[in-house]
Structures are given as C-alpha cells and as structure tokens.
Amino acid sequence: PRFAYRLMNMSKFSSVPHLPGSGPVEEKLADVSHLALYAFMGIMPATGIAMGYYGGKGLPFFTTTISGAKETNSDIAKTAFSIHKQVGVYGK
C-alpha cells in the first residue's frame with residue numbers, strides 16, 4: 001500500500017531535500033539507489049505473482065493459496081521466473 005501511495009503522490013515527496021553537507025555525487029547516488037529500491041519493490045512481487053499464476057501452482061497467501069490460471073502459460077511463467085531470479089540475485 002505505501003509503495004502505491006508514494007508512486008501516486010510522487011510530486012509531493014520529490015521536494016524532500018538531500019541531507020545538508022552532502023556532495024553532488026552523493027546526492028546523485030542517493031537518488032539512483034532510491035529509484036533502484038522502488039524498482040525492486042515493484043518488479044519482485046509482480047514477477048512472483050506472474051510465476052505462480054501462469055505457472056499453475058497459484059499464489060501462496062499466508063495460510064491459503066489463491067488458485068492460478070486454468071490454462072497455464074509456460075512462456076510467461078518462465079520469463080517471469082528468469083526476471084525474478086536475476087533481479088533477486090543482483091538486488092540483494
């Protein structure tokens with residue numbers, strides 16, 4: 001919920017200044033890492049959901065499982081797995 005709220009209200013939050021005393025390189029690196037974390041928070045759940053749904057195993061949700069697609073699509077599931085794995089390895 002917070003991720004979606006922040007994306008919808010980006011203009012409000014982009015005016016937050018950097019810490020005083022930080023240099024321009026530090027500020028640019030902070031901006032890049034901040035955007036990378038937001039990308040990570042969007043890509044990982046989306047690809048995980050796509051993997052489970054289109055792979056046919058469903059989506060595990062706490063104590064239950066939301067059923068997957070009736071007709072599986074292995075191409076989408078494989079692509080989602082590949083992206084999920086690659087982003088997960090480099091996002092640690």
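A residue is called buried under 20% relative accessible area, exposed over 50%, and partly exposed in between, for a 1.4 Å probe and protein chains only. By this rule Tyr53 is partly exposed, because its relative accessibility is 34%.

The model is predicted: local features need pLDDT of at least 70, side-chain atom pairs count only at pLDDT 80 or more, and totals for chains, interfaces and linings use all residues. Residues are numbered from 1 along each chain as its sequence is written, and side-chain values use heavy atoms, with hydrogens and water left out.

The description begins with the aromatic rings. A pair of aromatic rings is described by the distance of the centres and the angle of the planes. Rings of Phe, Tyr and Trp (its six-membered ring) pair if their centres lie within 6.5 Å; planes under 30 degrees apart count as stacked, over 60 as edge-to-face and the rest as tilted. The structure holds two aromatic pairs. In one, the ring centres of Tyr53 and Tyr54 are 5.0 Å apart and the planes stand at 90°, so the arrangement is edge-to-face. Tyr54 is partly exposed, because its relative accessible area is 30%. In the other, Phe61 and Phe62 have ring centres 4.9 Å apart and planes at 80°, so this pair is edge-to-face. Phe61, at 47% relative accessibility, is partly exposed, whereas Phe62 is exposed at 79%.

The helices come next. Helices (H or I, at least four residues) are DSSP runs, numbered from the N terminus. Helix H3 covers residues 24-55 and helix H4 residues 74-90; their axes come within 8 Å and cross at roughly 150°. Such axes are lines fitted to C-alpha atoms over the stretch in contact, and angles run from 0 to 180 degrees between N-to-C directions. Contact means heavy atoms within 4.5 Å. Among the residues that make this contact are Phe40, Thr47 and Tyr54 of H3 and Ala80, Ile83 and His84 of H4.

Thr47 is buried, because its relative accessible area is 9%. Leaving aside residues up to four places away in sequence, Thr47 touches Ala80, Ile83 and His84. A polar contact is a pair of N or O atoms within 3.5 Å; within protein, one must be able to donate a hydrogen and the other to accept it, and residues adjacent in sequence count only if both atoms are side-chain atoms. The side chains of Thr47 and His84 form one of 2.7 Å, and the side chain of Thr47 also reaches the backbone oxygen of Met44 at 3.2 Å.

Technical notes. Helices (H or I, at least four residues) and strands (E, at least two) are DSSP runs, numbered from the N terminus.
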